[in-house]
Amino acid sequence: VSSPLSNPVSIAEICFAGLPTSADVPAAPNLSSRNVLTLQPDFSSLRILPYASKTAMVMCTAHNQQTQELSPLCSRGLLQRVLHSAKEDLGIEFSVGAELEFILYRENKDGIMQPVDMSTFGNATTLNEQEDFISTLYDQLERQDIPVELIHSESAPGQLEVVLSYSDDILQLADDIVYARE
């Protein structure tokens with residue numbers, strides 16, 4: 001029986017860099033399907049998904065399959081390099097928070113998607129009317145050990161904001177953002 005790391009997951013560099021812009025992959029020239037990236041898991045980031053208890057996610061870094069060097073296309077690796085350089089070269093460390101904003105929609109009787117309400121900033125309407133959704137969301141984030149500071153209504157109709165707690169562990173916070181959006 002082989003270990004999980006003896007059969008790495010690989011992806012062609014051109015496919016990795018060709019992901020949609022929401023994947024936050026930096027643009028790079030000279031991409032080739034011959035260049036293969038190996039994904040190396042960071043098992044400290046492993047999480048069982050509370051809504052799919054037989055499914056787990058793990059964050060990875062992307063490395064050149066031939067040289068094992070960290071790929072310049074790897075956004076996780078870029079964050080690690082920036083944090084290291086800021087600390088070592090400039091003596092700077094960070095404490096960061098994150099706000100995740102989204103709008104809840106529902107289909108009206110004509111089949112058109114509309115915000116769940118027409119409330120404005122800080123109005124309790126969305127909070128009251130969407131209490132079940134917000135409670136489920138909070139519970140799902142809590143079960144993934146994602147620290148939530150606050151969930152509140154925002155300025156657009158049906159808009160909510162999930163405020164994640166400030167953290168000195170920026171890589172962990174970045175993971176929490178990915179998991180929260182999942």
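**View 1. Three strands make an open sheet in the order β1-β2-β3.** The pairing in this sheet of the predicted model is antiparallel. β1 (9-12) and β3 (52-64) are the edge strands. Each has a single partner strand, so one side of each lacks a neighbour in the sheet. On average, neighbouring strands are turned by 40 degrees against each other, direction ignored.

**View 2. Strand β2 (residues 36-49) runs antiparallel to β3.** Nine bridges join the two strands.

**View 3. Helix α2 crosses helix α5 (residues 170-181).** The two axes come within 10 Å and cross at roughly 155 degrees. That angle is over 145 degrees, so α2 counts as roughly antiparallel to α5. The crossing is right-handed. From α2, the residues R76, L79, Q80 and L83 take part in the contact. They meet I170, L171, A174 and D175 of α5.

**View 4. A three-stranded open sheet has the order β4-β8-β7.** Its pairing is antiparallel. The edges are held by β4 (96-103) and β7 (148-153). Each of these pairs with a single strand, so one side of each is left without a neighbour in the sheet. Neighbouring strands here are turned by 15 degrees against each other on average, direction ignored.

**View 5. Seven bridges link β4 with strand β8 (residues 159-167).** The two strands pair in the antiparallel sense. I103 has Q159 of β8 as its bridge partner. Helix α4 (residues 131-143) packs on the sheet and touches β4, β7 and β8. Its direction makes about 160 degrees with that of β7. Helix α5 also packs on the sheet, touching β4 and β8. The direction of α5 makes about 10 degrees with that of β4.

**View 6. The whole chain holds five helices and eight strands.** Along the sequence they follow the pattern β-α-β-β-α-β-β-β-α-α-β-β-α. Of the 182 residues, 31% count as buried. The chain exposes about 11600 Å², and carbon and sulfur atoms supply 53% of that area. Among contacts with a separation of 6 or more, 56% join residues 24 or more positions apart.

Notes. Residues numbered from 1 in each chain as written. Predicted model: local features only at pLDDT ≥ 70, side-chain atom pairs only at ≥ 80, totals over all residues. Heavy atoms only, no water. Pairing = 2+ DSSP bridges. Helix = DSSP H or I, 4+ residues; strand = E, 2+ residues; numbered from the N terminus. Axes fitted to C-alpha atoms, helices over the stretch in contact; angles between N-to-C directions. Buried < 20%, exposed > 50% of the residue type's maximum accessible area, 1.4 Å probe, protein only. Contact = heavy atoms within 4.5 Å. Areas by Shrake-Rupley, 256 points an atom, 1.4 Å probe, with all protein chains shown as cover. Parallel < 35°, antiparallel > 145°, perpendicular 65-115°, else oblique. Left-handed = near helix turned anticlockwise from the far one by under 90°.
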